[in-house]
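Please have the model open while reading.

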Amino acid sequence: MKHLFARSALLATLALNIGFTPLMAHAEDAVPTDEQLATNVKNALDADPELKALDLHVASKKQEVTIDGKMTDDQQMFKAGVIAEKVPGVKFVINNMNM
């Protein structure tokens, strides 16, 4: 009986150590809602002082993000697109910024 308990404890320990946690969904792996995604992209854009000053509008539909707003030079448009593409969950960026 002693060996049976020790074996059960060992199996339980192994299951936890090599375990089954990869089968569980993690919060960071979850696909964000369109509202969350738009907010995350807006926050990423606003982290850049130059882009924050432009007060860009961000929307998302089916993980496709649209950026609208005025720019003062083409580099701002490029920078906004690069930043938005790096946000987890973004599949495609539609950049409608204009002068």
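The structure is a predicted model. It contains an open sheet of three strands in the order 1-2-3, with mixed pairing.

**The sheet**

- The edge strands are strand 1 (57–61) and strand 3, each of which pairs on one side only.
- On average, neighbouring strands of this sheet are turned by 15 degrees against each other, direction ignored.
- Strand 2 and strand 3 run parallel and are joined by seven bridges.
- Isoleucine 67 stands opposite asparagine 95, which lies in strand 3.

**Helices on the sheet**

- Helix 2 packs on the sheet, where it touches strand 1 and strand 2. The direction of helix 2 makes about 150 degrees with that of strand 1.
- Helix 4 also packs on the sheet, touching strand 2 and strand 3. The direction of helix 4 makes about 155 degrees with that of strand 3.

**Helix 2**

- At 1.5 Å a residue, the 13 residues of helix 2 should span 18 Å, and this agrees with its end C-alpha atoms, which are 18 Å apart.
- Leu37, Ala38, Val41, Lys42 and Leu45 are the buried residues of helix 2.
- Seen down the axis of helix 2, these buried residues fall within an arc of 135 degrees, so they line one face of the helix.
- An α-helix has 3.6 residues a turn, so residues three or four places apart point the same way.
- The buried residues of helix 2 are covered by elements including helix 3, strand 1, strand 2 and helix 4.

**Helix 4**

- The twelve residues of helix 4 (residues 74–85) should span 16 Å at 1.5 Å a residue; its end C-alpha atoms are 17 Å apart, which agrees.
- Which residues of helix 4 are buried? They are Gln76, Ala80, Gly81, Ile83 and Ala84.
- Seen down the axis of helix 4, its buried residues lie within an arc of 165 degrees, and therefore they line one face of the helix.
- The buried residues of helix 4 pack against helix 2 (34–46), helix 3 (49–52), strand 2 (64–70) and strand 3 (92–98).
- Asp74, Gln75, Phe78 and Glu85 are exposed, and they sit on the face of helix 4 turned away from its buried side.
- At the start of helix 4, a side-chain oxygen of aspartate 73 comes to within 2.8 Å of the backbone nitrogen of glutamine 75.

Note on methods: Residues numbered from 1 in each chain as written. Predicted model: local features only at pLDDT ≥ 70, side-chain atom pairs only at ≥ 80, totals over all residues. Heavy atoms only, no water. Helix = DSSP H or I, 4+ residues; strand = E, 2+ residues; numbered from the N terminus. Expected span 1.5 Å × (residues − 1). Buried < 20%, exposed > 50% of the residue type's maximum accessible area, 1.4 Å probe, protein only. Arc of directions from axis to C-beta. Contact = heavy atoms within 4.5 Å. Polar contact = N/O pair within 3.5 Å; in protein donor to acceptor, adjacent residues only side chain to side chain. Pairing = 2+ DSSP bridges. Axes fitted to C-alpha atoms, helices over the stretch in contact; angles between N-to-C directions.
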